[in-house]
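I opened this model to look at its sheet and at one residue in it. My notes follow.

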Amino acid sequence: MGEALKLAHRAAEKDEIPIGCVIVHENKILSQGMNLREQSHKTTAHAEIVALENYNLAFKTWRLPEDSWVFVTAEPCLMCAGALLWARANRIVYGCSDPRQAGLRRIVPWIEQGVFDHRFTEVQGGVLEEACAQILKDYFKTKRSPTL
């Protein structure tokens, strides 16, 4: 999660929403991404999508390896949760919850009911939660503060 948090800080430096994502397999980072919506002008340039696309290009496959881990600093939105599901991610670990835009926690009950043909092996939130939440709070505080 520490590496994902470093990416979130880099995103903030680029005036992007500070979220980072790292895909790991057998203790090796296979891919990483950070939010790049402002820079790329792409709606879908969320950290998880960027990490998945980088993985796809590097390894020439859409499917993540079995027993892979995805570390992301904030709970994935519905779009990203769906992409991780279709990529066959096994384990999702996120930093802070997103009570307003929460996607992963909303889709997990459907997954557990067998609505989809794939299931996450593990979903865990709250890893480095305070640090992950603080960088988002600081970013939005700056964005929302009135200029003099």
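I take strands as DSSP runs of E, at least two residues long, numbered from the N terminus. The model is predicted. I looked up His 25 and found it in strand S1.

**Entry: the sheet.** I asked in what order the strands run. The sheet is open, with 5 strands in the order S2-S1-S3-S4-S5, and its pairing is mixed. I noted the edges as strand S2 (28–34) and strand S5 (122–124), each of which pairs on one side only. From one strand to the next, the twist averages 15°.

**Entry: helix H1.** I then checked helix H1, residues 2–13, and saw that this helix packs on the sheet. Helix H1 touches S1, S2 and S3. I read about 150° between the direction of the helix and that of S1.

**Entry: S1 and S3.** I looked at how S1 (residues 20–25) pairs with S3 (residues 69–74). The sense is antiparallel, over 4 bridges. For Val 24, I found Trp 69 as the bridge partner in S3.

**Entry: His 25.** Is His 25 buried or exposed? Its relative accessibility is 17%, so I count His 25 as buried, the cut-off being under 20%. Next I listed its contacts, leaving out residues up to four places away in sequence. His 25 touches Leu 30, Pro 65, Glu 66, Asp 67 and Ser 68. With Pro 65, the separation is 40 residues in sequence, and the C-alpha atoms are 7.2 Å apart. With Glu 66, I found a polar contact: its backbone oxygen lies 3.0 Å from a polar atom of the His 25 side chain.

How values were computed: Residues are numbered from 1 along each chain as its sequence is written. This is a predicted model: local features need pLDDT of at least 70, side-chain atom pairs count only at pLDDT 80 or more; totals for chains, interfaces and linings use all residues. Side-chain values use heavy atoms; hydrogens and water are left out. Two strands pair if DSSP finds at least two bridges between them. Axes are lines fitted to C-alpha atoms, for helices over the stretch in contact, and angles run from 0 to 180 degrees between N-to-C directions. Contact means heavy atoms within 4.5 Å. Buried means under 20% relative accessible area, exposed over 50%, partly exposed in between (1.4 Å probe, protein chains only). A polar contact is a pair of N or O atoms within 3.5 Å; within protein, one must be able to donate a hydrogen and the other to accept it, and residues adjacent in sequence count only if both atoms are side-chain atoms.
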